[in-house]
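Dear colleague,

I am handing over the structure below for your reference. A short account of what was found in it comes after the display.

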Amino acid sequence: ILANKWNPTELCVILLNDESMEPTINENTQLFIDLSQKKIIPNKVYAIEYKDRIIIRRVQENLKSSTIVLIPDAETYSINNLFKKEELLFSEVKILGRVVYIMGLI
């Protein structure tokens, strides 16, 4: 069924290993990432490489300031510096792809 929507050679699977996207995506959920979808669609969820780690966040962009805003869905993470809402320069991050499927959810 996935092959009908996406090119299988452009998909990878990532395990979300924190609670930063709860309640939308639970910890230890497998996510299908479409590596061909790097153009930012506001408020969609993306896999981002930042400081040698891969993080999953909802994304917004600010073209005027050449920044990207990474937003965790979990409200409790706003008090944790590791998972707070962050605005970073595009040059600091690499968009790996967009989350297109959450294992177990249709």
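The notes that follow cover the sheet and then the nonpolar cores. Please keep in mind that this is a predicted model.

The sheet

The model contains an open sheet of 7 strands, arranged in the order β1-β2-β7-β3-β4-β5-β6 with antiparallel pairing. At its edges lie β1 and β6 (86-89), each of which pairs on one side only. From one strand to the next, the twist averages 45°.

Within this sheet, β4 (residues 53-62) pairs with β5 (residues 67-71) in the antiparallel sense, over 5 bridges. Val59 has Leu70, in β5, as its bridge partner.

The nonpolar cores

Which residues form the largest nonpolar core? This core has 12 residues: Ile14, Leu16, Met21, Ile25, Leu31, Ile33, Val45, Ala47, Ile56, Leu96, Val99 and Ile102. At least two of its residues come from each of β1 (11-16), β2 (29-34), β3 (45-50) and β7 (93-102). The strand that gives the most to this core is β7, with 3 residues.

Leaving aside its neighbours within four places in sequence, Ala47 is in contact with Ile14, Ile33, Ile54, Ile55, Ile56, Lys94, Ile95, Leu96 and Gly97.

There is also a second, separate core of 11 residues; among them are Ile48, Tyr50, Ile55 and Leu88. Ile55 of this second core is one of the residues in contact with Ala47.

Yours sincerely

Conventions. Residues are numbered from 1 along each chain as its sequence is written. This is a predicted model: local features need pLDDT of at least 70, side-chain atom pairs count only at pLDDT 80 or more; totals for chains, interfaces and linings use all residues. Side-chain values use heavy atoms; hydrogens and water are left out. A nonpolar core is a set of buried Ala, Val, Leu, Ile, Met, Phe, Trp, Tyr and Cys residues joined through side-chain atoms within 4.5 Å. Buried means under 20% relative accessible area, exposed over 50%, partly exposed in between (1.4 Å probe, protein chains only). Helices (H or I, at least four residues) and strands (E, at least two) are DSSP runs, numbered from the N terminus. Contact means heavy atoms within 4.5 Å. Two strands pair if DSSP finds at least two bridges between them. Axes are lines fitted to C-alpha atoms, for helices over the stretch in contact, and angles run from 0 to 180 degrees between N-to-C directions.
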